[in-house]
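User: Hello! I have a structure to go through with you, and I would like to ask a few things about it.

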Amino acid sequence: MTQPLLFTPIKLAGLTARNRIVVSPMCQYSSEDGGPSDWHLVHLGKFALGGAAVVFCEETAVEMRARKTYSCAGIYSDAHVPMYRRITEFINKNNSIPAMQIGHSGRKASCGPPWTNFKPLTDDDAKTGHAPWRGISASAIPARDDAQVPHELSIADIKEVIESWREAALRALNAGFELLEIHGAHGYLIHQFLSPLANKRNDAYGGDLAGRMRFALQLTEAVRAVWPKEKPLWFRVSAVDGDNGAWDIDDTVALVHELKARGVDAVSCSSGGINGPLNYAIVPRQPGFQVPYAERVRRDTGITTCAVGLITEPVHAEDILQRGQADLIAMAREFMYNPNWPVHAAKSLGVNDYLDLLPTEYAWWLKRREKIREISK
């Protein structure tokens, strides 16, 4: 039987991923002063044990003020480097590629976790050690009615923020990450510059599409300059967002053309975010609802794309790849439900050696059980 594309290796810059399955970043709100804890080692480690080719840690702040909440992950201090390194070493040891997504919440900073509906922090929270801080953005427009008005970045401020991304990339490299993704989606700082709903500037970083893309492109150049060419650099986009097509797929294709010219190797295609915390109201949520964006970007730019969004069934994942709609499949919450999803998917797609996705410590015992069952028939 022909090997399913889902379990065919793929070249990613100078790396080879053992299959096309990606564990998407999942914010855990369990970091301590920005650094990962034992929770993260177990959370991420089990996905490597389960057979995924690429394991992303959660969206990770490039500055302390870039966090959404006090418990968000960060890589803005050298002290974080050895804390992440024990995680990357474990992931690498188990034949998966350790990946980091770096980002900046911008005006979405200074709030509570999602189970509070990201309620903005107030002076009352200061009494419990969670004093609010002021976010930053392209323009002085709050993310929602009850949020603080963010500080509008000056040209000098922009240069400083871009430097924080460069430094974060260097720390990620030192921490042993093999793949880096710039988070330019979901209403965070880069997206705030891209969107005409959040960016009302009249200088070089605002106005037309070229001006609104300038921050993202300069930032990407700074990161690519320090991130080795043999290590893949990805970029996550919100392919469509905003009322009445404020940002549409044509804008995304134009952006990706420019990102590719600056050394971005692949794009993850998501959607939404400016009109509220991960507001996908303009995109119907059904299995594979974002796949058409990955397909269009792949077709029009020739860049490698990663499809994400309610892809949970192995046959569906394989069909996306067979149709040429994307090159990789990313999942998040499905991995929370089943960290061994790749093993079950391989079995259902007819991969004979599906148990070899697991480490020997698991695979040997499970193969032995299968032999015993076969003998007893």
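Predicted model: local features only at pLDDT ≥ 70, side-chain atom pairs only at ≥ 80, totals over all residues.

User: Which residues of helix α11 (residues 341–348) are buried?

Analyst: Residues are numbered from 1 along each chain as its sequence is written, and side-chain values use heavy atoms, with hydrogens and water left out. Helices (H or I, at least four residues) and strands (E, at least two) are DSSP runs, numbered from the N terminus, and buried means under 20% relative accessible area, exposed over 50%, partly exposed in between (1.4 Å probe, protein chains only). In α11 the buried residues are Trp 341, Pro 342, Val 343, Ala 345 and Ala 346.

User: What covers the buried residues of α11?

Analyst: Here contact means heavy atoms within 4.5 Å. After the helix comes Gly 350, with a positive phi near 85°. The cover over the buried residues of α11 includes β3 (21–23), α9 (314–322), β12 (328–331) and α10 (333–337).

User: In what order do the 8 strands close into a barrel?

Analyst: Two strands pair if DSSP finds at least two bridges between them. β3 and β12 pair in the parallel sense over 3 bridges, and Val 23 has Met 331 in β12 as its bridge partner. The pairing in the barrel is parallel, and the order is β3-β4-β5-β8-β9-β10-β11-β12.

User: Which side chain makes a polar contact of 2.9 Å with that of Arg 236?

Analyst: Arg 236 lies in strand β9 (residues 233–238) and is buried, at a relative accessible area of 7%. Beyond its neighbours within four places in sequence, Arg 236 is in contact with residues including Glu 181, His 183 and Ser 270. A polar contact is a pair of N or O atoms within 3.5 Å; within protein, one must be able to donate a hydrogen and the other to accept it, and residues adjacent in sequence count only if both atoms are side-chain atoms. The partner at 2.9 Å is Ser 24.
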